[in-house]
Amino acid sequence: MMTIEQLERLGAGTEEGVKRCAGNEAFYLKMIPKALETERYKKLEDYIRSGNLDAAFEEAHALKGILANLALTPILKPVSEMTEFLRNRTDMDYDSLINEMWEKRNSFDNIPGRE
């Protein structure tokens, strides 16, 4: 299982995240793997690549909320940027933001003992 120290080394704002989880560190750590499930990230990417910016916005906005509540700051940054562009239905090349999102999200896979 991940530790607070491992998450902090990756740039997560664990103090803020634990606080948002009613101060319950065990609950916070239990929620992290749920926020890292690849399905949400894949859906967001698929919606963008298919040009469905409305669905992409909904997915990005929901993911942004999860990441913000858990203070997973490294992943939150590119997802927040995408959310704002998608809010305005900006037709643009999202590749760099998608790549950054995956890079930051995948960095959490390298934590020893991650379940």
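**Salt bridges in the predicted model**

The side chains of arginine 49 and aspartate 95 form a salt bridge, with N and O 2.6 Å apart; the term denotes a side-chain nitrogen of Lys or Arg within 4 Å of a carboxyl oxygen of Asp or Glu. Arginine 49 lies in helix α4 and aspartate 95 in helix α7 (residues 95-107), so this pair ties together parts that are 46 residues apart in sequence. Helices are DSSP runs (H or I) of at least four residues, numbered from the N terminus. The whole structure holds 12 salt bridges.

This is a predicted model, in which local features need pLDDT of at least 70 and side-chain atom pairs count only at pLDDT 80 or more, while totals for chains, interfaces and linings use all residues. Residues are numbered from 1 along each chain as its sequence is written, and side-chain values use heavy atoms, leaving out hydrogens and water.

**The pair of arginine 89 and aspartate 54**
- Arginine 89 forms a salt bridge with aspartate 54, their closest N and O atoms being 2.4 Å apart.
- Arginine 89 lies in the loop between α6 (73-87) and α7, and aspartate 54 in helix α5, so the pair ties together parts 35 residues apart in sequence.

**The pair of glutamate 59 and lysine 43**
- Glutamate 59 and lysine 43 meet through their side chains in a salt bridge (3.7 Å, N to O).
- Glutamate 59 belongs to helix α5 (residues 53-69) and lysine 43 to helix α4 (residues 38-50).
- Arg40, Lys43 and Glu59 are linked in a salt-bridge network.

**Accessibility**
- Glutamate 59 is buried at 9% relative accessible area, buried meaning under 20%, exposed over 50% and partly exposed in between (1.4 Å probe, protein chains only).
- Lysine 43 is partly exposed at 32%.

Key: Helix = DSSP H or I, 4+ residues; strand = E, 2+ residues; numbered from the N terminus.
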